[in-house]
Amino acid sequence: MNIRRRPFDHPDAVKLNDEVQAEYAERYGDTGDASFLSPEDFRPPHGVYLIAYDAAERPVATGGWRSQDASDRPDGGYADGDAELKRMFVVRDQRGHGLARRILAALEDDARAAGRTRMVLETGIAQPEAIALYLSSGYEPCEKFGYYRHYESSRCYAKPL
């Protein structure tokens, strides 16, 4: 498995983002994640986007982080030094092999190296596998933040870096 930095608008990132959006729509019965993401969000040193490739150079997993500070988002939930985890995804035929855990560790290391002090994320109750991954990786429930903070199905987690 080869994990590479890629721009969020790279063709492989766009392809996998379309797949994760389709899965969100299937799981939640809507059109996918409506929170706004920009390629600039994931440009170092304010973020990064990673794609894992298999031996055949097929993109099979993604994840990114973007800087979030309290002053950037006065609507609440963020603290200065936060790195927000976004678009963690593994294609279905590659699940169960530890790819999400490898991407998550790489993102945490990168955010820590960039001076971020806490990783935060939002997921939903229709993603029990994601919740299990985060809890087993040391994340704890935190104050809700972001686009879905008022949704009952939303769950937010944080981990000191």
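Q: Which residues of H2 are buried?
A: Buried means under 20% relative accessible area, with exposed over 50% and partly exposed in between (1.4 Å probe, protein chains only). In H2, the buried residues are Leu-99, Ile-103, Leu-104, Leu-107, Glu-108, Asp-110 and Ala-111. They sit on the same side of H2 because they cover an arc of only 165 degrees around the axis, the arc being that of the directions from the helix axis to the C-beta atoms. Bear in mind that this is a predicted model: local features need pLDDT of at least 70, side-chain atom pairs count only at pLDDT 80 or more, and totals for chains, interfaces and linings use all residues. Residues are numbered from 1 along each chain as its sequence is written, and side-chain values use heavy atoms, leaving out hydrogens and water.

Q: Where is Asp-54 found?
A: Helices (H or I, at least four residues) and strands (E, at least two) are DSSP runs, numbered from the N terminus. Asp-54 is in the loop between strand S2 (47–53) and strand S3 (59–68). Asp-54 counts as buried because its relative accessible area is 15%.

Q: What lies 3.0 Å from a polar atom of the side chain of Asp-54?
A: That's the backbone nitrogen of Ala-56. The backbone nitrogen of Arg-58 lies 2.8 Å from a polar atom of the Asp-54 side chain.

Q: What is Gln-127 in contact with, leaving aside its neighbours within four places in sequence?
A: Contact means heavy atoms within 4.5 Å. With those neighbours set aside, Gln-127 touches Tyr-24, Arg-27 and Tyr-28. Gln-127 belongs to the loop between strand S5 (118–124) and helix H3 (128–136).

Technical notes. Polar contact = N/O pair within 3.5 Å; in protein donor to acceptor, adjacent residues only side chain to side chain.
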